[in-house]
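Please read the following note beside the sequence and the model. The points take up the sheet, the helices around it and a group of aromatic residues in turn.

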Amino acid sequence: MSVERTLSIVKPDAVGRNLIGEILRRFETAGLKIVAGKLLRLTPERAQAFYAVHKERPFFAGLCAYMSSGPIFVSVLEGENAIMKNREIMGATDPAKAAPGTIRKDLGKDVEQNAVHGSDGPETAASEIAFFFRPDEIF
């Protein structure tokens, strides 16, 4: 096992429903440490840059509009196998298909408003963390 870092985003719908604390509690209870965090609002351009990998997908415009529709809470989570652990805690992208007890099953509304985002691999995590945080902002 290895100590990893991963990016987590509490999406606008969950921030608007005052779920930041509940979501962070779930990560901490599962053994992940929050080593950086900030509340911010993406501009449409920053959302497009962050989700550029999806620019050819039919959901790209809607995703960028949604992610820039309100504040988000971004954090860096650290721990043993943090990427996989974070993804297990989040659950499947579609809340209707997510396992009971996962964030998306319990707190997500639909595929788009599914409360959270998490990195899907080591390279993505490194890139996504660097998108939001300078090295001196991570503790």
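1. Two strands count as paired if DSSP finds at least two bridges between them. In this predicted model, strand S1 (residues 3-10) and S3 are joined by eight bridges and run antiparallel. Within this pairing, Val3 has Glu80 in S3 as its bridge partner.

2. Strand S3 has a further pairing to consider. Seven bridges link S3 to strand S2 (residues 33-40), again in the antiparallel sense. Here the bridge partner of Gly37 is Ser75 in S3.

3. Is strand S3 largely enclosed or largely open to the outside? Of the nine residues in S3 (residues 72-80), seven are buried, so the strand is largely enclosed by the rest of the structure. A residue is called buried when its relative accessible area is under 20%.

4. Four strands make up an open sheet with antiparallel pairing, and their order is S2-S3-S1-S4.

5. Strand S4 is joined to S1 by three bridges, and the two pair in the antiparallel sense. In this pairing Ile9 stands opposite His117 of S4. Helix H5 (residues 82-90) packs on the sheet and touches S1, S3 and S4. The direction of H5 makes about 35° with that of S1.

6. Is Ala61 buried or exposed? Ala61 belongs to helix H4, and its relative accessible area of 56% makes it exposed, because the term applies over 50%. The C-alpha atom of Ala61 is separated by 30 Å from that of Phe27, and the two residues are 34 apart along the chain.

7. How many aromatic pairs does a search of the whole structure find? The search finds four. In one of them, Phe50 and Tyr51 have ring centres 4.8 Å apart and planes at 90°, so this pair is edge-to-face. Phe50 counts as buried at 10% relative accessibility, and Tyr51 is buried as well, with a relative accessible area of 5%.

8. Phe131 and Phe132 also form an edge-to-face aromatic pair, with 4.9 Å from centre to centre and 75° between the planes. Phe131 is partly exposed, at a relative accessible area of 22%, whereas Phe132 counts as buried at 6% relative accessibility.

9. The residues of these two points belong together: Phe50, Tyr51, Phe131 and Phe132 form one aromatic cluster. Which residue lies over the face of Phe131? It is Arg46, at 4.0 Å from the ring centre.

How values were computed: Residues are numbered from 1 along each chain as its sequence is written. This is a predicted model: local features need pLDDT of at least 70, side-chain atom pairs count only at pLDDT 80 or more; totals for chains, interfaces and linings use all residues. Side-chain values use heavy atoms; hydrogens and water are left out. Buried means under 20% relative accessible area, exposed over 50%, partly exposed in between (1.4 Å probe, protein chains only). Contact means heavy atoms within 4.5 Å. Axes are lines fitted to C-alpha atoms, for helices over the stretch in contact, and angles run from 0 to 180 degrees between N-to-C directions. Rings of Phe, Tyr and Trp (its six-membered ring) pair if their centres lie within 6.5 Å; planes under 30 degrees apart count as stacked, over 60 as edge-to-face and the rest as tilted. A charge sits over a ring if NZ of Lys or CZ of Arg is within 6 Å of the ring centre and within 35 degrees of the ring normal.
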